[in-house]
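Work through the following exercises with the sequence and the model in view, and try each task before reading its solution.

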There are 2 protein chains.
Amino acid sequence: MCYNRRKMAKKRAYHHGNLRQALVREAARTIKSHGVDALTLRAVGGRLGVSRTALYRHFTDKAALLAAVAREGFQQFRGNLEQAWTDGGRGFAGFEAMGLAYLQFALRNRAHYRVMFGGFKELCGRDSELEADAESAFQVLVGALVTLQQSGDATPGDPVELARFVWAASHGVAMLTIDGQLGPDPAAGEALMKLSIGRLKTALSRA
Amino acid sequence: MCYNRRKMAKKRAYHHGNLRQALVREAARTIKSHGVDALTLRAVGGRLGVSRTALYRHFTDKAALLAAVAREGFQQFRGNLEQAWTDGGRGFAGFEAMGLAYLQFALRNRAHYRVMFGGFKELCGRDSELEADAESAFQVLVGALVTLQQSGDATPGDPVELARFVWAASHGVAMLTIDGQLGPDPAAGEALMKLSIGRLKTALSRA
DNA sequence: ACCTGAACACCGTTCAAGT
DNA sequence: ACCTGAACACCGTTCAAGT
């Protein structure tokens, strides 16, 4: 495990080979299972067998740690959307699969999703690459719309504007579901997403 | 000012005639101008010339105070939507006006809007009437869709489902705008809302 | 009833000090 | 370079005590 460390720790070389990565991973785990409010630097440090101030060697502050968590989220999010679109065949079926994958990611990573979007502006000031990761996820949707336009399934026009419209609708469905605004029925979110995708098809395919 | 108090304060009867209302108002003011993170019980109490624990006579905890703030928000929100729909003539023009009023409320009350939606589920456990206030605002949208269906401007179907779709799209536009995800252009939110309303008309008026 | 003041158990962050 | 431990300035909440 530790044998390929640079200098073969004489006594006990601090803690990790990569504390930074361990911190992000542990923070993401905590957020996922107990919510962002449960994320304390003391807890995450303690769970890694490290002082609560060790993190300041790798991040300027708690917000910077959260920004790293958000980046990781956007990367995974992007992958999920891309895969749904591709596996769905890059047509309207793929479009629908992408919408369901969108909701699924938000539902399975509620707190993580909230960090990604809720604190976005503030977190962008802590990690200059966060914006690019978010943009990269968004571009999957833009690319899909360009394809739908080329095949004549979607009306012409700025694909970025159309993508923002679809994104907003999806984001709204996800947020209302996560925030519990659709009532106690656990299937309400998926039902709303399916209905929304159907209506979005109409909105996209006709002038 | 104080002359119509019940017993004409002999020395200095505590503080307010209605501390509860003053607390909600002051909390809303603080949230509006400095964000929800700046809302500390010490500050809101101090600004009213009251101990930081005085609030526990009127609310079970900080969350209950926030729930009251959220309720006040939904009531005002409902009024704004209703007025836009009515002044707009209760047709597609009113529908568009309602969408713009929705965004305007969210933009002018960013932090307040976040409290209303972001903490909804948790806050519902603190104030049993919060859900009814939120539902009341939502019903304005449902009523509008029923009217549009009756005039033949919207397709038949469960108006609640349609309203949820429109609501999600509006909420998504509002959240993306508030969270700074549409880029630095301050007009991006309104542009997206206008485009969205146009597409929603298409989605609603055709099968 | 309504409010206070001290106390409690938490936070994130800073900084001199250790290896 | 990397990490620690004590200290600082905050929190929300509880509770005995005052009027």
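**Exercise 1.** How many salt bridges does the rule find across the interface of chain A and chain B?

*Solution.* The structure is a predicted model, in which local features need pLDDT of at least 70 and side-chain atom pairs count only at pLDDT 80 or more, whereas totals for chains, interfaces and linings use all residues. Residues are numbered from 1 along each chain as its sequence is written, chains are lettered from A and ligands numbered from 1 in the order in which they are written, and side-chain values use heavy atoms, with hydrogens and water left out. Searching for a side-chain nitrogen of Lys or Arg within 4 Å of a carboxyl oxygen of Asp or Glu, the rule finds zero salt bridges between chain A and chain B.

**Exercise 2.** Describe the extent of the interface between chain A and chain B.

*Solution.* Begin with contacts (heavy atoms within 4.5 Å): 36 residues of chain A meet 36 residues of chain B. Next take the buried area, the accessible area (1.4 Å probe) that two parts lose on being put together, summed over both; for chain A and chain B this is about 3100 Å², with 63% of it on carbon and sulfur atoms. On the side of chain A, the most area is lost by A:Phe165, A:Gln181 and A:Arg199, together 21% of what that side buries.

**Exercise 3.** At what angle do H8(A) and helix H8 (residues 159-178) of chain B pack?

*Solution.* Helices are DSSP runs (H or I, at least four residues), numbered from the N terminus. With axes fitted to C-alpha atoms over the stretch in contact, and angles running from 0 to 180 degrees between N-to-C directions, H8(A) and H8(B) pack at about 100°, their axes 6 Å apart. The two helices are therefore roughly perpendicular (65 to 115 degrees).

Conventions: Parallel < 35°, antiparallel > 145°, perpendicular 65-115°, else oblique.
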